[in-house]
Amino acid sequence: MTIQLLQYLNQKDTAYSYIDTHSGAGVYALDGTYASKNAEYDTGIGPLWDRTDLPAPLKEYVDLVKEMNPSGKMRYYPGSPYCADKVAREQDRLRLFELHPADAKILADNFRKVEAHAAAQGVRPTTRGKRVIITKGDGFLGLKALLPPPSRRALVLCDPPYEDKMDYRKVKDMLAEALGRFPTGIYAVWYPILQRMESRQFADKLKQLPAEWLNVTLTTHTPMPDGFGLHSSGMFILNPPYTLEPMLKQVMPYLVQALGKDEGARFTLESGTQVTGRGARSGARDAQAEGRGPQAGARGPQSLARGPQAGARSPQGGAGAPQSGARGQQAGGRGAQGGPQGGARGPLSSPRNGPAGGRGAAGGGRGPATAARNSGPRKP
């Protein structure tokens, strides 16, 4: 989803800012001890690796991962900073935050090697200012200093580990302040769907923010009876471009079939405006789309497509897409850190192993709107 949001912004020549509040190390080694032991990628990027029938948006993402694995063997996996660096243009700016000291160092080393490789190839920047700025610090606190961006165009990706239950509250508070400073920006939030109350209520709380929104979730299997394990995750987008919902209606049924393990596999897709008022369940203008798992057959979206005519935005000021498996709708896992990278921008750092903190994707009317409800069973 991050890739698709950036491609949308690329449609307009004006530069934009990509702001990543929890960047991680940028690249992860899948053949390290920790990643091999957990092997989360076997249920994420793994099943997609050799598919020849990928929908175009999904193929673009898988091709990006394959580009950093020229041997054909799946050894390295990109984090969101790497994806943004590959998709954003020279005039665009990347502002990356990472609080964990080890990850922040690896991230900085990665981009230093990218710059050194470009210089060795005779590539010189043609725009003023530093393209990538990495800050070792708290992205929750650092975001407000960057808004509004000079060009009034930005995508903000917020992807915290949620190991601390206060992260749910911090995300909402950060977004509320960000919308006050820069109401037309695109804000993308990944979140896990867990048994804990903060997780189950998270999306409904984000729907109360003063902006249009889109919420998509992917469940790969029926939850375990003990409640452990990550079976579902979601991406919540504020001010989504009009192109995003039709794209997801194409891709999500495919992902349910490709990644689903049992009849519990499904996706949900809903969109709407700000929810206010006690008892208002959702501000969704459209019916919620829902797809079921492989055994039941992926029925595909059942919602009313808004299409470009309904609320369409041009890719200009404020408009504004990886993550399945352990980290959102993008397939893969955040197991080991570091790892060399081939690709057009040059080699990244050598593999480093170890856990990565448990991480693996317009103002509306006020007042309650029509509630969107599932046609099938409620999410766990």
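Biologist: Which residues of H3 are buried?
Modeller: In H3, the buried residues are Pro57, Leu58, Tyr61, Val62, Leu64 and Val65. Buried means under 20% relative accessible area, exposed means over 50%, and partly exposed is in between, with a 1.4 Å probe and protein chains only. Helices are DSSP runs of H or I with at least four residues, strands are runs of E with at least two, and both are numbered from the N terminus.

Biologist: And how do those buried residues sit around the axis of H3?
Modeller: They fall within an arc of 150° seen down the axis, so they line one face of H3. The arc is taken from the directions from the helix axis to the C-beta atoms.

Biologist: Before we go on, what kind of model is this?
Modeller: This is a predicted model, where local features need pLDDT of at least 70, side-chain atom pairs count only at pLDDT 80 or more, and totals for chains, interfaces and linings use all residues. Residues are numbered from 1 along each chain as its sequence is written, and side-chain values use heavy atoms, with hydrogens and water left out.

Biologist: Good. What covers the buried residues of H3?
Modeller: The cover includes helix H1 (2-9), strand E3 (76-78), helix H4 (80-87) and H10. Contact here means heavy atoms within 4.5 Å.

Biologist: What span should H3 have?
Modeller: Helix H3 (residues 56-67) has twelve residues and should span 16 Å at 1.5 Å a residue, and its end C-alpha atoms are 16 Å apart, which agrees. The expected span is 1.5 Å times one less than the number of residues.

Biologist: How many residues does H7 have, and how far does it reach?
Modeller: H7 covers residues 166-181, so to speak 16 residues, and reaches 23 Å from its first C-alpha to its last, close to the 22 Å expected. Its buried residues are Asp167, Tyr168, Val171, Met174, Leu175, Ala178 and Leu179. They cover an arc of only 130° around the axis, which puts them on the same side of H7.

Biologist: Which exposed residues are on the face turned away from that side?
Modeller: Arg169 and Gly180 are the exposed residues there. On the buried side of H7, the cover includes helix H6 (139-142), strand E6 (154-158), strand E7 (186-193), helix H8 (197-200), helix H9 (202-206) and strand E9 (232-238).

Biologist: Which residues touch the most other members of the largest nonpolar core?
Modeller: Of its 85 residues, those are Ile45, Leu48, Leu175, Tyr187, Ile237, Leu238 and Leu248. Helix H10 (residues 244-259) gives the most to this core, with ten residues. A nonpolar core is a set of buried Ala, Val, Leu, Ile, Met, Phe, Trp, Tyr and Cys residues joined through side-chain atoms within 4.5 Å.

Biologist: Changing topic: what about the backbone, say the peptide bond from Leu147 to Pro148?
Modeller: That bond is cis, with omega near -5°, and Pro148 is in the loop between H6 and E6. Most residues other than glycine have a negative phi, and most peptide bonds are trans. Arg152, in that loop between H6 and E6, has a positive phi of about 60° although it is not a glycine. Tyr162, in the loop between E6 and H7, also has a positive phi, near 60°.

Biologist: What does the side chain of Asp20 make a polar contact with?
Modeller: With the side chain of Ser80, at 2.6 Å. A polar contact is a pair of N or O atoms within 3.5 Å; within protein, one must be able to donate a hydrogen and the other to accept it, and residues adjacent in sequence count only if both atoms are side-chain atoms. Asp20 is in strand E1 (residues 17-20) and is buried, with a relative accessible area of 0%.

Biologist: And which side chain is joined to Glu270?
Modeller: Lys207, through a polar contact of 2.9 Å. Glu270 is in strand E10 (residues 266-272) and is buried, at 5% relative accessible area.

Biologist: Last one: how many disulfides are there in the whole structure?
Modeller: The search finds zero, counting a disulfide as a pair of cysteine sulfur atoms within 2.5 Å. Cys83 is buried, at 0% relative accessible area, and Cys158 is buried at 1%.
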